Amino acid sequence: MSAPEPNHEKSSQRPPGSGEAAGSAAGARGETDKGVSDLSQLVPPATEVAPERPTPAEVRSVTLRDHFRPPLGTQRHWHSFHSAWATAIAAGLNQRLPEGYFAEPNVQFSIEIDVATFEETGPSAPSGTSPLAGGLDSGWSAPAPVRTIPLALLTDVVEVQIFTKEGGPTLVGAVELVSPANKDRAAHRDAFVSKCAAYVQQAVGLAIVDVVTERLTNLHDELLARVGEPVASGLGGLYAAAYRPVERDGQPRLEVWQEPLAVGRPLPVLPLWLRGGLCLPLDLPAAYTRACQDVRLPLG
């Protein structure tokens with residue numbers, strides 16, 4: 001006897017959620033065949049799973065990637081990662097800083113001159129009046145400048161600033177992440193070095209991290225030469241350095257910590273000395289790992 005032919009009508013399967021049961025559910029929700037007004041009723045919200053935090057050993061094994069050349073340089077924007085890295089550094093410092101201190105990321109690209117004037121109403125100025133009104137009404141105007149000379153501005157700023165709240169926010173430390181624009185021409189390098197020199201000459205603790213592979217000028221050496229040390233550091237194009245202004249035997253001195261960096265090698269932990277003598281670790285590996293996770297970069 002031959003086997004009976006399959007009943008295609010009975011064996012056909014409907015996708016889950018279809019049919020009368022689905023129709024009844026739709027009716028109960030007030031939906032019609034013409035469409036669904038709220039897609040969230042059909043597509044359940046994705047369950048967010050927090051990424052597992054790497055162990056300390058895994059953090060220390062994370063290696064520096066090349067964010068400026070292929071393949072990574074063509075897949076991701078370096079400035080986005082630098083922003084994430086600065087934010088991660090600030091977050092890590094805020095976990096360690098004592099009460100009365102705080103760290104803030106300061107990231108600006110393609111800086112232009114931007115001057116704003118604000119009018120503030122207070123007890124000395126009646127409401128609706130301006131302290132500048134008298135000067136403007138007098139017809140005074142600024143004379144023409146006697147000279148106009150070229151001025152090199154910082155084109156990019158990627159830094160973390162550390163402040164103490166005592167007596168109002170006072171800068172006590174800074175971490176500078178070098179950008180390509182900081183190194184691309186003599187005027188830009190001079191502006192960056194001048195800023196760093198001003199920091200250490202005001203006894204502000206400083207660290208510089210340079211992972212820019214496409215331009216190998218050494219800003220660390222230029223800073224040392226600016227403050228009076230003509231001997232080259234011996235570092236290559238990539239490095240991390242920390243600086244502590246101190247007084248030794250009645251003379252101001254600059255203590256320096258420096259580490260060479262290389263793509264494919266782990267990052268170091270540097271001492272970050274703040275103005276006033278407070279020292280805390282600048283944990284570059286942990287901040288780098290966090291930044292990679294935040295922008296969904298695989299850990300190298």
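**View 1. Strand E4 is mostly covered in this predicted model.** The strand spans residues 205-210, and six of its six residues are buried. For E4, both faces are covered. Gly205, Ala207 and Val209 are buried on one side, and Leu206, Ile208 and Asp210 are buried on the other.

**View 2. Strands E3 and E4 run parallel.** E3 covers residues 170-177 and is joined to E4 by five bridges. Glutamate 176 has isoleucine 208 of E4 as its bridge partner. Between the two strands the chain passes through helix H7, residues 186-201, and this β-α-β crossover is right-handed.

**View 3. Strands E4 and E5 are paired in the antiparallel sense.** Five bridges link E4 to E5, which comprises residues 239-248. Within this pair, alanine 207 stands opposite alanine 242 of E5. Alanine 207 is also among the buried residues of E4.

**View 4. Six strands form an open sheet with mixed pairing.** The order of the strands is E1-E2-E3-E4-E5-E6. E1 (101-108) and E6 (251-260) stand at the edges; each has a single partner strand, so one side of each lacks a neighbour in the sheet. From one strand to the next, the twist averages 20°. In general, pairing within a sheet is made through backbone hydrogen bonds, and it is either parallel or antiparallel.

View 5. Asparagine 106 stands opposite glutamate 159 in E2.

**View 6. Valine 231 is located in the loop between helix H8 and strand E5.** Helix H8 covers residues 219-227. Why does valine 231 count as exposed? Its relative accessibility is 54%, and exposed means over 50%. Valine 231 and aspartate 221 are ten residues apart in sequence, and their C-alpha atoms are 8.0 Å apart in space.

How values were computed:
Residues numbered from 1 in each chain as written. Predicted model: local features only at pLDDT ≥ 70, side-chain atom pairs only at ≥ 80, totals over all residues. Heavy atoms only, no water. Buried < 20%, exposed > 50% of the residue type's maximum accessible area, 1.4 Å probe, protein only. Helix = DSSP H or I, 4+ residues; strand = E, 2+ residues; numbered from the N terminus. Pairing = 2+ DSSP bridges. Right-handed = clockwise from strand over helix to strand, strands pointing away. Axes fitted to C-alpha atoms, helices over the stretch in contact; angles between N-to-C directions.
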